[in-house]
Each structure stands twice: as structure tokens, then as C-alpha cells.
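User: I'm new to this structure and would like to learn how to read it. Can we take it feature by feature?

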Amino acid sequence: MRVVFLGTPADAVPTLEALHAGGHDVALVVTQPDRKRGRGGALVPSPVKIAATGLGLPVVTPERSREIVGEVRDTAAELGVVVAFGQLLPTALLDALPHGFVNVHFSLLPRWRGAAPVERAILAGDAETGVCVMQLEAGLDTGPVYARESTPIDDTETAGELRARLVRIGTEMLLRTLPGIPSTEPTPQSGEPTYADKLTVDEFRLDPGAPVTELARRVRAGNPRPGAWIEVDGKRLKVWRGHVENDPEGSARFVPDEVQPEGKRAMPYPAWTAGHRGAHPFA
């Protein structure tokens, strides 16, 4: 099938590579513009741009997706495939291809529509999540669904680990689903929607007095970004991993496993406590 691919972060690269390897004709790759990174402020291309260039595929990097309606239409592609592109698509673009656009979304819609479905599922304590291949429309993740697959969330799994699993599930499901999309009527979403708002750094501040399950979820959901943290002696201490420890009397406490002091590398929590003279925040 001749397709246009829209994606930006590293999470979208496996799907692009699988489409190319699977014999689909990727007529155009659309990704976010190069952004300044690091202390020097050098312009750095998105992971999808790097991958597409390596595959010899044509790439465009519009500031706004409405700028490339004509260019997408001129590809004569049948379908657009979207994985974590990072921009809402205007109706004019959605209508530019004969079979529209499908999105690989990392939740069981209509639960967790929006920007951060993986992290919100962990924060909420969901027992399962999944992937939907859905038809894009003007609303935020409101379109009907071509295929869905659920998977349990392990209670030690970080957002990065869960997302990597969902990328594999979604890529395989997309490749199975893609050939039948032109002749398939997708199923409307049903149920009460919830919304996965963008993450903020402040909401990952840890309160040692909070319930231990909440602390554990916050740490898992913040890994690898933006990172759960607590202020110690006026500086931020990031907590990358931890676990809930039960004592013989039936009470529980949260124990960090891996932390990162401000301006330093990550280290085991016991190594940090051994070198820290003040009170330990999770003692």
C-alpha cells in the first residue's frame, strides 16, 4: 500500500521501519522540525527524520501540518499513518487522501484520549491498557476503531518499558490491519471517555507522606520523563525506581532503588544515603 507516514519521537521509528521492511511504499514522511538541543543550542532532527533519511525516504518538516496539504495530496498515497506525530491534523489534511488517516494510539479508547495515555494509565492504577488502530477525525482521539488489543500492566513496569511493549504490539497490529482498511468499516468508540492531559514536572514531586502505592506509581510513570523528584537540602533528587516494602506488622513503606542527585549521575539509593549526612526523605 502507498502511504504517508507522520511521526516524530523514537517511539514512532519501529513502525516506520516495519512499514518500509514490509513492502509498503512510504511516499512521504512528515515529522516535526529540527529543534535546538543541549547547551550549545544546535539544531537536532527528530528520531523519525533520522530514520527516514537513513532509509532514503523523502521527508518534510512543517511547523504546522496545514502547510503540507497539497504536498500530501500530490503523493497519490492511499492512506496516512500517524504514530505520535505531535500535531493535530486539520480537516483539509484528513481529506487529502482517499482512505484518510489512521492513528496507532496507546490506550484502550475511549479511555485516555490525549497526549499522555501511557503515563496516565499507570498513575491511575489501571490493571490493563492496550493499543487501538483508529481512524483520525477532527476531534481529539474520537474516531472509530479498526482494531484493538489489550495487555496487562505489570506493577513494576515503568512508562518507558510499557510504551516499548505497546509500540511492538501496535506495530504488529497495524501491519495486520492495514491491508483491510480500505474495505473495512471501523467501529465507533463506546463508553465514558477519560483524558490523558500533558504531563507537568510539578505533578511528579513526591510527598513522602503520600500513600505508598501512589509514590510507586508516580515514580514508574515519570520514568523516563519527566522524572519523579523530591527536594532535599534545597536541591532536587530524582527517583527513577523504587518498590513498596511490607514489614511483618502489616504496614508498608516506599523504598527508592535508584536516584539521581542534581547535577550527578543516577546511582543506587543505598549509595546516595551512605554519602548524604542529612535526614533521608523516605526513612
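User: In what sense do E9 and strand E10 pair, and over how many bridges?

Analyst: First, some ground rules: this is a predicted model, where local features need pLDDT of at least 70, side-chain atom pairs count only at pLDDT 80 or more, and totals for chains, interfaces and linings use all residues. Residues are numbered from 1 along each chain as its sequence is written, and side-chain values use heavy atoms, with hydrogens and water left out. Now the general idea: strands of a sheet pair through backbone hydrogen bonds, either parallel or antiparallel. Here, E9 and E10 (residues 145–152) pair in the antiparallel sense over seven bridges. Pairing requires that DSSP finds at least two bridges between two strands, and the elements are DSSP runs numbered from the N terminus: helices are H or I with at least four residues, strands are E with at least two.

User: Which residue of E10 is the bridge partner of Val131?

Analyst: That's Glu149. E9 also runs antiparallel to E7, joined by four bridges, and there Asn103 has Met134 of E9 as its bridge partner.

User: How many residues of E9 are buried?

Analyst: Six of the eight residues in E9 (128–135) are buried, so the strand is mostly covered. "Buried" means under 20% relative accessible area, "exposed" means over 50%, and "partly exposed" is in between, using a 1.4 Å probe and protein chains only.

User: Which strands stand at the edges of the open sheet?

Analyst: Start with the order, which is E12-E13-E14-E15, four strands with antiparallel pairing. E12 and E15 (267–268) stand at the edges with a single partner strand each, so one side of each has no neighbour in the sheet. Two bridges join E14 (residues 252–261) to E15, and Val259 stands opposite Met267 in E15.

User: How do I read pockets? What volume does the largest pocket have?

Analyst: Rolling a probe the size of a water molecule over the atoms shows where empty space is left. On a 1 Å grid over the protein atoms alone, a pocket is an open set of points where a 1.4 Å probe fits, with protein on both sides within 12 Å along at least five of seven lines; lining residues have an atom within 4 Å of a point. Points are joined across faces, edges and corners, and the volume is the space filled by probe spheres set on them. For the largest pocket that comes to about 1,300 Å³. Its lining has 41 residues, with Ala84, Phe85, Gly86, Gln87 and Ala115 nearest the centre. Strands E3 (35–37), E6 (79–83) and E7 (101–105) and helix H5 (117–123) each supply at least two lining residues.

User: How many residues of that lining are nonpolar, polar and charged?

Analyst: There are 23 nonpolar, nine polar and nine charged. Ala, Val, Leu, Ile, Met, Phe, Trp, Tyr, Cys and Pro count as nonpolar, Asp, Glu, Lys and Arg as charged, and the others, Gly among them, as polar. The second largest pocket has a volume of about 350 Å³. Of its 20 lining residues, Asp155, Thr156, Ala216, Arg217 and Arg220 are closest to the centre.

User: Where are the cis peptide bonds, say the one from Asn223?

Analyst: Most residues other than glycine have a negative phi, and most peptide bonds are trans. The bond from Asn223 to Pro224 is cis, with omega near 20 degrees, and the bond from Arg225 to Pro226 is cis too, with omega near 5 degrees. Asn223 sits in the loop between H7 and strand E12 (228–232). Asn223 is buried at 12% relative accessible area, and its side chain reaches the backbone oxygen of Trp240 at 3.0 Å.

Conventions
Polar contact = N/O pair within 3.5 Å; in protein donor to acceptor, adjacent residues only side chain to side chain.
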